[in-house]
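Hi everyone, thanks for making time today. I'd like to walk you through how the chains of one assembly meet. Let me put it on the screen.

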Amino acid sequence: MLLGRVVDSVWSTRKDETLTGMKFMIVRLIEGSDESSGSLIVAVDTIGAGIGEKVLVVGGSSARLLPELMNKPVDAAIVGIIDEGTNE
Amino acid sequence: MLLGRVVDSVWSTRKDETLTGMKFMIVRLIEGSDESSGSLIVAVDTIGAGIGEKVLVVGGSSARLLPELMNKPVDAAIVGIIDEGTNE
Amino acid sequence: MLLGRVVDSVWSTRKDETLTGMKFMIVRLIEGSDESSGSLIVAVDTIGAGIGEKVLVVGGSSARLLPELMNKPVDAAIVGIIDEGTNE
Amino acid sequence: MLLGRVVDSVWSTRKDETLTGMKFMIVRLIEGSDESSGSLIVAVDTIGAGIGEKVLVVGGSSARLLPELMNKPVDAAIVGIIDEGTNE
Amino acid sequence: MLLGRVVDSVWSTRKDETLTGMKFMIVRLIEGSDESSGSLIVAVDTIGAGIGEKVLVVGGSSARLLPELMNKPVDAAIVGIIDEGTNE
């Protein structure tokens, strides 16, 4: 999994119909000490993450193991919100 | 998923026969603030994306969850067109 | 697989319920000669790795082959602790 | 998928027996404007690509969807030869 | 697949029991012209590769298609030794 910070939501009116109702968030990955230089990915959010929160993102076929994403054309999902303050 | 911008289409006369009829687009990925430096990938388009449009691309085995791509040797597909103006 | 060093644990109170009870560790990957510049990932630990230990990490769908992670939305796991001293 | 240019073939006398008879090509990926700086990968060729040709490469489990590669330990295959001249 | 050179073996006494008896090799990937700058990965060796040899490495779920690695939590394997001299 990767750590990241939710920076925005993203909307797509014209999309594959199997994606209807999903909430897509832009996440800046935290892979080094300079958080601002991280790459951007888009992950489906099923747990109610908000902009600014630090999150745990799962990628690849594993993202489809979330019940809501079973058999969907999706390759990244937010699976947890990191406890900040108690944990860097 | 990744954000990207469709920059061109690509044609292949000699290709695996299972790919016949597919529309292949070159997409420049948007992973940082400098859009022009993004990597190029080729994604199958099943939703009618045009050159210049900002799109959502799914990769890996998840791309094959689109009905048109089931069991095809394809690893990237455009699954949505991003609403620009209302969303950067 | 990739080599890495466990640098921290990470806590998530709000997470997908299928992840309850898992131990998530932040691992700095060792992909070059400068260990301090490695990327950070989060891997599930099922073998009792401690902070500071050098570990072997498996990624992708292969991580779900560990019995404890079967069908879980997880894409990285610590599968071994490297013998240091006898091996670089 | 990724674009690349076939730069060489590669031979392996001692290899896993399931790979017998396959044609392995070294492909320099074209992911940016400077074609000469692309990464090298090895892809199985099932369509008769020659050295110097621009090709479409599929990666990951999707490569195994080609009938010749079903259940083989292979993660990249050339699936098309790009029409150059008519298309950059 | 990727080209690489075997640079060392790696030992892990405390590891997942499904990995018992496997031979893990550190491989420096050859993705550009400067071989010394390649990334390090760990691949299972089932064909008897020695340190210093140039090898072909398969990654992801495809590595598990080798009979010895079926259903194992492993994501990279050496599948061939490159013929050097006759081929760079």
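Strand 6 of chain A pairs with strand 2 of chain C, residues 14–15, through 2 bridges, and the two strands run antiparallel. Within that pairing, A:Ile81 sits opposite C:Arg14. Please keep in mind that this is a predicted model.

Chain A puts 25 residues in contact with 22 residues of chain C. On the chain A side, the elements giving two or more residues are strand 1 (2–10), strand 5 (54–59) and strand 6 (76–81). Strand 6 of chain A has the largest share, with 4 residues. What classes of residue make up the side of chain A that touches chain C? There are 14 nonpolar, 8 polar and 3 charged residues.

Now let's go to chain E, which also meets chain C. This contact takes 22 residues from chain E and 25 residues from chain C. On the chain E side, two or more residues come from each of strand 1 (2–10), strand 2 (14–15) and strand 4 (40–45). Which strand of chain E gives the most here? Strand 4 does, with 3 residues. By class, this side of chain E has 9 nonpolar, 6 polar and 7 charged residues.

Here, too, there is strand pairing: strand 6 of chain C, residues 76–81, joins strand 2 of chain E by 2 bridges, running antiparallel. C:Gly80 has E:Lys15 as its bridge partner.

Finally, some chains that stay apart. Chain B and chain C do not touch, with their nearest C-alpha atoms 11 Å apart. Chain A and chain D do not touch either, and their nearest C-alpha atoms are 11 Å apart.

Terms used. Residues are numbered from 1 along each chain as its sequence is written. Chains are lettered from A and ligands numbered from 1 in the order in which they are written. This is a predicted model: local features need pLDDT of at least 70, side-chain atom pairs count only at pLDDT 80 or more; totals for chains, interfaces and linings use all residues. Two residues are in contact if their C-beta atoms, placed from the backbone, lie within 7 Å. Ala, Val, Leu, Ile, Met, Phe, Trp, Tyr, Cys and Pro count as nonpolar, Asp, Glu, Lys and Arg as charged, and the others, Gly among them, as polar. Two strands pair if DSSP finds at least two bridges between them.
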